[in-house]
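Biologist: I'm new to reading protein models. Could you walk me through one, feature by feature?

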Amino acid sequence: MHPWKTSQRCHACGKWDKRNRRGDRFLCVNCGHADHADLNASKNLEFLGLAGMYGFRLRPSSKRQSFG
């Protein structure tokens, strides 16, 4: 799993904002959810794993397969 932005995304409401994280403290500016920043990030990583995703960043593929 790629941890990009997982400590800035709110596990409770899904809103990403760089202001959500201040050091070890996580406080969502959208819904008010408070947590330890690393614990919040680990919950987001668990979500990604259960969803079968590798990260929140969508990367365009440079290798295109053609089926034809």
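Modeller: Side chains of opposite charge can pair when their charged atoms come close. Here, Asp35 and Lys43 meet in a salt bridge, at 3.0 Å from N to O. Before we go on, this is a predicted model, where local features need pLDDT of at least 70, side-chain atom pairs count only at pLDDT 80 or more, and totals for chains, interfaces and linings use all residues. Residues are numbered from 1 along each chain as its sequence is written, and side-chain values use heavy atoms, with hydrogens and water left out.

Biologist: Is Asp35 buried or exposed?

Modeller: Buried means under 20% relative accessible area, exposed means over 50%, and partly exposed lies in between (1.4 Å probe, protein chains only). Asp35 is buried, with a relative accessible area of 17%, while Lys43 counts as partly exposed at 25%.

Biologist: How many salt bridges are there in the whole structure?

Modeller: A search finds 3. One of them joins Arg21 and Asp38, at 3.8 Å from N to O. That pair links distant parts of the chain, with Arg21 in strand β1 and Asp38 in helix α1, 17 residues apart.

Biologist: Which residues of α1 are buried?

Modeller: An α-helix has 3.6 residues a turn, so residues three or four places apart point the same way. In α1, the buried ones are Ala37, Asn40, Ala41, Asn44 and Leu48. They cover an arc of only 100 degrees around the axis, so they sit on the same side of α1; the arc is that of the directions from the helix axis to the C-beta atoms. These buried residues pack against β1 (21-22), β2 (25-27) and β3 (34-36).

Biologist: And the cysteines: how many disulfides are there?

Modeller: A disulfide is a covalent bond between the sulfur atoms of two cysteines. The rule used here is a pair of cysteine sulfur atoms within 2.5 Å, and the count comes to 0. Cys28 is in no disulfide, because its nearest cysteine sulfur, that of Cys13, is 3.7 Å away. Cys31 is in none either, and the sulfur of Cys10, the nearest to it, is 3.7 Å away. Cys28 is buried at 4% relative accessible area, whereas Cys31 is partly exposed at 41%.

Methods. Helices (H or I, at least four residues) and strands (E, at least two) are DSSP runs, numbered from the N terminus. Contact means heavy atoms within 4.5 Å. A salt bridge is a side-chain nitrogen of Lys or Arg within 4 Å of a carboxyl oxygen of Asp or Glu.
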